[in-house]
Structures are given as structure tokens and as C-alpha cells.
Amino acid sequence: MKENDWNYGFVVQPLAVKYQDTFQNDLSVKGKPFRSGDGATLNYQFPTIRLSANKPIYQGDDGSYIRAGGSAVVRYAKVALNGSGQSFSDTNLIAIPLINIEASRPLGNGYSFFSRSDSPTNDLDVGVRLFFGGYDPKKADDYANRIFFNSLVVRYSF
């Protein structure tokens with residue numbers, strides 16, 4: 001980490017899942033019927049790339065600091081469903097610009113409390129993760145990119 005200059009980060013999170021099972025209920029996607037009891041294959045991809053940059057805006061005498069900058073999250077989603085003699089496939093690409101704030105405060109004994117995208121040793125990350133997509137079983141034909149999940153993440157690195 002550069003204490004008095006710009007810091008840059010790059011994260012790649014690939015995700016690809018293939019799932020095979022039997023439909024438990026009838027399902028209709030874009031007018032195509034998938035019947036209960038028929039075998040099905042679902043291929044789901046959700047890779048993510050995150051680019052970040054921030055610079056110091058405050059540095060305390062005790063080692064605490066605040067850095068500010070920006071991030072861009074690019075996510076690609078692909079869903080392919082096969083079963084009941086039918087097939088369905090759709091894709092989506094989303095780019096999300098974010099404000100990047102990083103703060104750290106020493107706790108003593110080499111530990112610190114902070115929030116940021118990357119963590120060195122003996123640190124505690126606290127942050128928010130966003131997830132778009134998924135199937136909403138309460139809504140017919142609502143198969144992807146209609147659900148927004150927001151979660152608090154706590155991570156300790158040693």
C-alpha cells in the first residue's frame with residue numbers, strides 16, 4: 001500500500017454452476033413450459049470484475065487514515081435452462097460505478113479495524129456486498145436479475 005499516493009486494485013471473481021435435478025413444480029419462462037417431474041439442467045454463470053482506486057484524504061498521528069476514490073464493478077450473468085423438451089438461455093451485463101471509501105484505525109498489538117477491498121495480515125474487514133440476479137419463486141416468469149441482495153460481510157485475515 002502506498003501511504004501518500006494512489007492505490008489501485010483489481011479483483012476477478014469467476015462463478016459458473018451446473019445443476020441437474022428434477023422439476024418439483026411446473027415452471028413457465030418466457031412462455032415456455034417446464035413440467036413437474038421432468039429432468040432439468042441449469043447452467044448459471046456470474047463472473048465479476050472489480051477495479052478500484054483511492055488516495056489518502058486524512059492521516060492521523062495514531063496511524064488511522066481515510067482514503068477515498070472510486071470503483072467499477074462489471075458483472076456478466078448467463079442462465080441456460082434445459083428440460084421438458086424445451087430450452088431457454090438469456091444473458092445480462094451490468095456495470096456499477098461506486099464511491100470507494102477506505103478507513104483504518106489501529107486497535108493495538110498489530111491489529112486494526114478497517115473497511116476496504118483488500119486486506120493485509122491481522123486485519124478485520126467490514127463491508128457491504130451486493131448481489132443482483134436469481135430466481136424469484138413467488139413470481140411467474142421472473143427468472144434472473146430481478147432480485148437484489150445486500151449483505152454485511154465481516155472477514156478476518158491472518
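Aspartate 62 counts as partly exposed, because its relative accessibility is 41%; here buried means under 20% relative accessible area, exposed over 50%, and partly exposed in between (1.4 Å probe, protein chains only). This is a predicted model, in which local features need pLDDT of at least 70, side-chain atom pairs count only at pLDDT 80 or more, and totals for chains, interfaces and linings use all residues. Residues are numbered from 1 along each chain as its sequence is written, and side-chain values use heavy atoms, with hydrogens and water left out.

What does the side chain of aspartate 62 meet in a salt bridge? The partner is the side chain of arginine 105, at 3.5 Å from N to O. A salt bridge is a side-chain nitrogen of Lys or Arg within 4 Å of a carboxyl oxygen of Asp or Glu, and a search of the whole structure finds 1. Aspartate 62 sits in the loop between strand E6 (48-59) and E7, while arginine 105 belongs to strand E8 (residues 86-108), so the pair ties together parts that are 43 residues apart in sequence.

Let's step back to the overall layout. The protein has 0 helices and 11 strands, and along the sequence it reads β-β-β-β-β-β-β-β-β-β-β. Helices (H or I, at least four residues) and strands (E, at least two) are DSSP runs, numbered from the N terminus. Of the 158 residues, 28% count as buried. Among contacts in the protein with a separation of 6 or more, 57% come from residues 24 or more positions apart; contact means heavy atoms within 4.5 Å. The protein exposes about 10,300 Å², and carbon and sulfur atoms supply 55% of that area. Accessible areas come from the Shrake-Rupley method with a 1.4 Å probe; for residues, only the protein chains shown count as cover.

Now for the strand pairings. Two strands pair if DSSP finds at least two bridges between them. E6 and E7 pair in the antiparallel sense over 11 bridges, with tyrosine 58 opposite isoleucine 66 in E7. Their hairpin has 5 residues between the strands, and glycine 63 takes a positive phi near 95° there. E6 also pairs with strand E1 (residues 7-13), in the antiparallel sense over 7 bridges; glutamine 13 stands opposite threonine 48 in E6. E7, in turn, is joined to E5 by 6 bridges in the antiparallel sense, and threonine 41 stands opposite asparagine 82 in E7. Strand E5 (residues 39-45) runs antiparallel to strand E2 (residues 16-22), with 7 bridges joining them; tyrosine 19 has leucine 42 in E5 as its bridge partner.

Strand E7 (residues 65-83) also holds serine 71. Is this serine buried or exposed? Serine 71 is buried, because its relative accessible area is 7%. Its side chain makes a polar contact with the side chain of arginine 50, at 3.2 Å. A polar contact is a pair of N or O atoms within 3.5 Å; within protein, one must be able to donate a hydrogen and the other to accept it, and residues adjacent in sequence count only if both atoms are side-chain atoms. Leaving aside neighbours within four places in sequence, serine 71 touches several residues, including Arg50, Leu51, Ile96 and Asn100.

Lysine 30, in the loop between strand E3 (27-29) and strand E4 (32-34), has a phi near 50°, a positive value in a residue other than glycine. Lysine 30 is exposed, with a relative accessible area of 54%. Serine 84, in the loop between E7 and E8, has a positive phi of about 55° although it is not a glycine. With a relative accessible area of 23%, serine 84 is partly exposed.

Finally, the aromatic rings. A search of the whole structure finds 3 aromatic pairs. Rings of Phe, Tyr and Trp (its six-membered ring) pair if their centres lie within 6.5 Å; planes under 30 degrees apart count as stacked, over 60 as edge-to-face and the rest as tilted. Tryptophan 6 and tyrosine 8 have ring centres 6.5 Å apart and planes at 20°, so the pair is stacked. For phenylalanine 23 and phenylalanine 34, the centres are 5.5 Å apart and the planes at 45°, so this pair is tilted. Phenylalanine 23 is buried at 11% relative accessibility, and phenylalanine 34 is buried at 0%.
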